[in-house]
Amino acid sequence: AEELEVGGSDRDDIYVAALLRDVGELGIDRRVLETPGELTEEQRELVRRHPALGEAIIGALAFLGDAPRIIRAHHERWDGTGYPDHLTEERIPIGARILSVADAFVAMTSERPYRAALRPTEALGLLIAARGGAFDPTVIDAFVLLNSAGALGSLVGPAD
């Protein structure tokens, strides 16, 4: 497997982006974000604006390094079907590729107005199934390896 290396300032940028990843949702009507069930196409388009809005909101803060760019790209997909820019593969910043896996895992294992939370093992299985489609295969492999080594703590374990 390809090795995934992320240096200190990159880790800091990913950490900040993870904390602020959905700040762009401040520009979206809460009623849309809290809609139970399927969103309309118009509502989906509104929600798809949040990464670019987030980048715009924190982009003026130079001390945040590459975090704004990571936030903009955190809903891009390895296969190019993500948003807002339909980037593919390595064109997606590595921080955004890492954040998208973590964000998807948290989203799947969290209760939502439109569905129950998945068990961590179910979410891990879905991430693996999306390897090479939605997600960078190397990032998925690293996530699985970290989980197997116990480095993710109790996120995904035999007791769930």
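## Salt bridges in this model

Arginine 72 sits partly exposed, with a relative accessible area of 24%. Keep in mind that this is a predicted model. The side chain of arginine 72 meets that of glutamate 55 in a salt bridge, 2.8 Å from N to O.

Now for the wider picture. The structure holds 14 salt bridges, and some of them share partners, joining Glu38, Glu41, Arg44, Glu45 and Arg48 into one network.

| Arginine | Glutamate | N to O distance |
|---|---|---|
| arginine 44 | glutamate 38 | 3.4 Å |
| arginine 48 | glutamate 41 | 3.1 Å |
| arginine 72 | glutamate 55 | 2.8 Å |

How exposed are the partners in the network? Arginine 44 has 25% relative accessibility, so it counts as partly exposed. Its salt-bridge partner, glutamate 38, comes in at 69% and therefore counts as exposed, the cut-off for that label being over 50%.

The other pair goes like this. Arginine 48 is partly exposed, at a relative accessible area of 26%. Glutamate 41, which forms a salt bridge with arginine 48, is partly exposed as well, with a relative accessible area of 43%.

Key
Residues are numbered from 1 along each chain as its sequence is written. This is a predicted model: local features need pLDDT of at least 70, side-chain atom pairs count only at pLDDT 80 or more; totals for chains, interfaces and linings use all residues. Side-chain values use heavy atoms; hydrogens and water are left out. A salt bridge is a side-chain nitrogen of Lys or Arg within 4 Å of a carboxyl oxygen of Asp or Glu. Buried means under 20% relative accessible area, exposed over 50%, partly exposed in between (1.4 Å probe, protein chains only).
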